[in-house]
Amino acid sequence: MSATADHAEERTNPAARLGFQPGQVVQEIGYDDDVDQELREAIEGVIESDLVDEDYDDVADAVVLWFRDDDGDLTDALVDAGTYIEEGGAILLLTPKTGRSGYVEPSDISEAATTAGLTAAKGVSVGKDWSGSRLATPKAAKSRR
């Protein structure tokens with residue numbers, strides 16, 4: 001592959017656009033048959049290893065959280081996911097797009113993120129059926145620790 005093709009892949013690869021980096025440990029929570037396999041493979045390609053599952057017992061650099069409306073309480077899921085990541089790490093919250101089974105209202109995501117002490121970036125389309133929100137600990141909260 002040429003350097004030009006590598007740069008083009010960086011622009012089109014959703015995992016690279018979402019800020020994943022080589023060498024990161026990324027934990028995946030909420031995996032099921034309906035997840036976007038292409039996105040999973042793209043993340044694994046960028047981090048240059050497999051995603052670790054919910055049973056991983058160490059701290060991760062980031063968490064990929066697949067969440068559907070009927071998966072329970074979103075705030076609880078975000079708080080739980082936050083316990084698995086390094087300070088300053090991010091949670092990539094993936095929810096079904098509008099009109100798909102399990103769709104979660106953006107206002108519910110915003111409210112749950114705020115309640116869990118996270119800040120949300122603008123939602124992004126990450127596949128045919130899934131939207132993503134990158135959630136992070138607010139900078140002010142990090143500096144007080």
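This is a short tour of a predicted model, from the whole chain down to single residues.

**Whole chain.** Start with the protein chain in cartoon view. Six helices and six strands make it up. Follow them along the sequence and the order reads α-α-β-α-β-α-β-α-β-β-β-α. The accessible area is about 8,200 Å², and carbon and sulfur atoms account for 45% of that. Of the 145 residues, 39% count as buried. Contacts reach across the sequence: among those between residues at least 6 apart, 72% join residues at least 24 apart.

**Main core.** Next, select Phe20, Val26, Ile43, Val64, Trp66 and Leu94. These residues have the most contacts inside the largest nonpolar core, a set of 18 residues. Helix α3 gives the most, with five residues.

**Leu94.** Which residues does Leu94 contact, leaving aside neighbours within four places in sequence? Show Leu39, Val64, Leu65, Trp66, Phe67, Val126, Trp130, Ser131 and Gly132 to see them.

**Second core.** Move on to Leu74, Ala77, Leu78 and Val104. They are among the 17 residues of a second, separate core.

**Gly88.** Last, go to strand β3 (residues 85–96) and pick Gly88. Is Gly88 buried, partly exposed or exposed? Gly88 is partly exposed, because its relative accessible area of 41% lies between the 20% and 50% cut-offs.

Methods
Residues numbered from 1 in each chain as written. Predicted model: local features only at pLDDT ≥ 70, side-chain atom pairs only at ≥ 80, totals over all residues. Heavy atoms only, no water. Helix = DSSP H or I, 4+ residues; strand = E, 2+ residues; numbered from the N terminus. Buried < 20%, exposed > 50% of the residue type's maximum accessible area, 1.4 Å probe, protein only. Contact = heavy atoms within 4.5 Å. Areas by Shrake-Rupley, 256 points an atom, 1.4 Å probe, with all protein chains shown as cover. Core = buried A, V, L, I, M, F, W, Y, C linked by side-chain atoms within 4.5 Å.
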